[in-house]
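The following questions and answers are intended for a reader meeting this structure for the first time.

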Amino acid sequence: MRPAHPSHETVTATASGPGRRAVLTALAGAGAAGGLALTLGAGSAQAATYATDVTVRLTARPSAEAERLRLGQALRASEFRPTGRHVAAGTSLRLDVQPHDDVLPTLWIGRWDYYATLTAPRRYALKPGSNTITDPHGGPVYFSLEGDGEQATVAFKSGSTRMPVFTLGATEEADFQRKLDGMTDVPVVELHGPRSIVTLTREGALLYRNEDHAALLRLLEQIIDAESAISGLDGSKPVHRPKAGGYHFTEVSVVPSGVGAYATHGYNGFPRAYLDRATTVQGLRTRGWGLYHELGHLHQQFAYKPAAMTEVTVNIYSLAVQRALGQPSNLLTVDPATGLDYFESARAKFGTDGLTYEKSFGAYEKLVPLRQLELAFGDAFWPKLHRLVREENPQSDSSDSARRYRALATYASRVAERDLTDFFVTTWAFPIDAQGRAEIAALGLPKPSVDPATLSD
């Protein structure tokens, strides 16, 4: 299991954080994303690659923080709109801004890298008309525009250059390879999908340059689809519409000892050593648990996520991706020392003296009861639970583990329409307090006809 960066969880904050971008309407081979279109002031394709007169048309959407609160999630995802432009350190970037509906965009310059010296893109408020920004560090250029369908236009006048960008549905592989060969002075490369930005150093991108990048981005979309589906993001009500914008996956220079990748507000970070699984089709399809896991952190709901389960409920999404991709479940991995898979090793501990969910079970064993709920009550179990939590939006502080354990047991019982006290308290020894047990009893539900704890894949 790939450990994630601490969640930095907030529950009622309203300040919008660095965010990201959306559905492709690319008009040129420049990485345009939904709500953002690029027009190049150039003639030939080669001239367009290096054009400096580029116009970006933006359509406003909810901020990443507003979406986090709507979805009841612990972390903000991204709201960035990539531009495919790069600005060098200390270079004056000149922009002309036209707010058609009195909503102004925000400019972001730089790369995410939480544990490095430069940790995040820099934010610049823009004003109508001419703007000149000089960022001391430089990097890729992004915009955000918060609102609900308002329009704004930004024209790049000088100070930026094109990055090598592959945009799904708009870039041919041969053209992307020419960009990699020709733009050797630009240190950043990006891949753009309908709901994804993949930001790489030039060196990282060149490691696996011979991949089928269209296939890679389609696979990434499939992974996002699987996590959205188990999150119940079916658009059945406005509260259940998929997140505005998408997800940002970025190569980072530093991770703590023992951490292979991480998740935090705005993005997932992957060191170069992980790129063989994040940026190759075969690696992502067959060995990409770490990416599935880190993306899962950007889907976790806080209502039923006590601190001890941060690295457990996240793998509801990882397992969903495995199933979508036709992989065997990690829970069926057999320990060569014992000959047992995780269902079996967990079951061997049931009823032992001093059993506690938090201390008696290993990381994958803790995931077993969450999978057993699906096996007992159907594939719709977790989507239904996500939707119910979004509709009721119960608030809790990250330090209030008792409340969150209660929420897990009571919401699970309501969705299953069964009294799951024995499952949670007696069999798995979850720390459900007296209040939680009373809340389940008050529902007046029957016992399960089949004990979920007996089930396995």
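**Salt bridges, cores and a covered helix**

A search of the whole structure, which is a predicted model, finds 24 salt bridges.

Q: Which parts are tied together by the salt bridge of Arg 76 with Glu 65?
A: The closest N and O atoms of Arg 76 and Glu 65 are 3.2 Å apart.

Q: Is Glu 65 buried or exposed?
A: Buried means under 20% relative accessible area. Glu 65 has a relative accessibility of 1%, so Glu 65 counts as buried.

Q: Which helices does the salt bridge between Glu 392 and Arg 414 tie together?
A: The side chains of Glu 392 and Arg 414 meet at 2.6 Å, N to O. The two residues are 22 apart in sequence, and the parts so tied together are helix 14, which holds Glu 392, and helix 15, which holds Arg 414.

Q: What is the relative accessible area of Arg 403, which forms a salt bridge with Asp 400?
A: In this salt bridge the closest N and O atoms of Arg 403 and Asp 400 are 3.1 Å apart. Asp 400 is partly exposed at 26% relative accessibility. Arg 403 is also partly exposed, and its relative accessible area is 39%.

Q: How many of the residues of helix 10 are buried?
A: Helix 10 spans residues 315-324 and is mostly covered. Its buried residues include Tyr 317, Leu 319 and Val 321. Among the elements that cover the buried residues are helix 5 (213-230), helix 8 (289-297) and helix 13 (363-377). Of the 10 residues in helix 10, the number buried is 8.

Q: Which residue with a positive phi follows helix 10?
A: The phi of this residue is near 75°. The residue that follows helix 10 is Gly 326.

Q: Where is Asn 393 found?
A: Asn 393 has a positive phi of about 50° although it is not a glycine. Its relative accessibility is 31%, so Asn 393 counts as partly exposed. Asn 393 is found in the loop between helix 14 and helix 15 (401-416).

Q: Is Ala 429 buried or exposed?
A: Ala 429 is a residue other than glycine with a positive phi, near 55°. Its place is the loop between helix 16 (421-427) and helix 17 (434-442). The limit for a buried residue is under 20% relative accessible area. At 15% relative accessibility, Ala 429 therefore counts as buried.

Q: Which residues is Phe 424 in contact with, leaving aside its neighbours within four places in sequence?
A: Phe 424 is one of the residues with the most contacts inside the largest nonpolar core. Leaving aside those neighbours, Phe 424 is in contact with Leu 373, Leu 408, Ala 409, Ala 412, Ala 429, Phe 430 and Ile 432.

Methods:
Residues are numbered from 1 along each chain as its sequence is written. This is a predicted model: local features need pLDDT of at least 70, side-chain atom pairs count only at pLDDT 80 or more; totals for chains, interfaces and linings use all residues. Side-chain values use heavy atoms; hydrogens and water are left out. Buried means under 20% relative accessible area, exposed over 50%, partly exposed in between (1.4 Å probe, protein chains only). Helices (H or I, at least four residues) and strands (E, at least two) are DSSP runs, numbered from the N terminus. Contact means heavy atoms within 4.5 Å. A salt bridge is a side-chain nitrogen of Lys or Arg within 4 Å of a carboxyl oxygen of Asp or Glu. A nonpolar core is a set of buried Ala, Val, Leu, Ile, Met, Phe, Trp, Tyr and Cys residues joined through side-chain atoms within 4.5 Å.
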